[in-house]
Amino acid sequence: MKKLTTLLLLSLLFFNCISQQTSPTPVLTKQANYQQRSRNQKIGAILLLGGGGLSAGIGGLIWWAADFEHGLTPGSDPDQRQQNVNTGKVFIIVGSIMMLASIPLFNASNKNKTMSMSFKNQRIPQLQGSSFVYRPIPSINLKIDL
C-alpha cells in the first residue's frame with residue numbers, strides 16, 4: 001500500500017510538471033522581432049522630431065514675445081525680458097538637440113527592416129524600328145534581407 005501511494009504521488013507530481021501552459025508566451029521570430037524593433041524606433045524618432053520641433057517653436061515664440069513686449073513698453077523690467085529671452089533660448093536648444101537625436105533612430109529603424117519596397121524608374125530596352133531604345137519604366141522594387 002505504501003508503494004502504491006508513493007507511486008501515485010510521484011505520478012501526480014510528474015503529470016503536473018509536464019502539463020501545458022494555459023497562456024503560453026508568444027515566441028517572436030527573428031523577422032517579427034526586427035519588424036517590431038524597427039516600428040518602435042520609428043515611432044520614437046517621430047516623437048523626438050515632433051517634440052523637438054514643437055519645443056523649438058515654443059522657444060522661438062517666447063523669445064519673440066519678450067522682444068515684442070520690450071518694443072511696446074520700453075520702460076519694462078530688463079531683467080524679466082532677459083529671463084524670458086534665456087528661457088526661449090533654452091527651449092530652442094533643447095528642441096534642436098531632440099531633433100538631432102531623432103536622426104540616429106531613423107537610421108537604425110531603416111537598418112532593422114527586413115523588407116522594404118520602393119518605386120524606381122528602370123531603364124528597359126525596347127525595340128523601336130530596327131534598334132533598341134532604353135526607356136524608363138516605373139516599377140516597384142521589393143528588397144528582402146535574409
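Predicted model: local features only at pLDDT ≥ 70, side-chain atom pairs only at ≥ 80, totals over all residues.
Buried residues account for 11% of the 146 residues in the protein.

**Overall layout**

- The protein has 3 helices and 2 strands.
- Take the contacts between residues at least 6 apart in sequence: 61% of them join residues at least 24 apart.

**Helix α3**

- Helix α3 covers residues 78–111 and has 34 residues.
- From its first C-alpha to its last, α3 reaches 51 Å, which is close to the 50 Å expected at 1.5 Å a residue.
- Several residues of α3 are buried, namely V85, G88, G95, S102 and S109.

**A closer look at S102**

- S102 sits in helix α3, and its relative accessible area is 1%.
- S102 counts as buried because that 1% falls under the 20% cut-off for relative accessible area.
- Which residues is S102 in contact with, leaving aside its neighbours within four places in sequence? They are A45, L48 and L49.
- To put S102 together: this residue of α3 is buried and is in contact with A45, L48 and L49.

Technical notes. Residues numbered from 1 in each chain as written. Heavy atoms only, no water. Helix = DSSP H or I, 4+ residues; strand = E, 2+ residues; numbered from the N terminus. Buried < 20%, exposed > 50% of the residue type's maximum accessible area, 1.4 Å probe, protein only. Contact = heavy atoms within 4.5 Å. Expected span 1.5 Å × (residues − 1).
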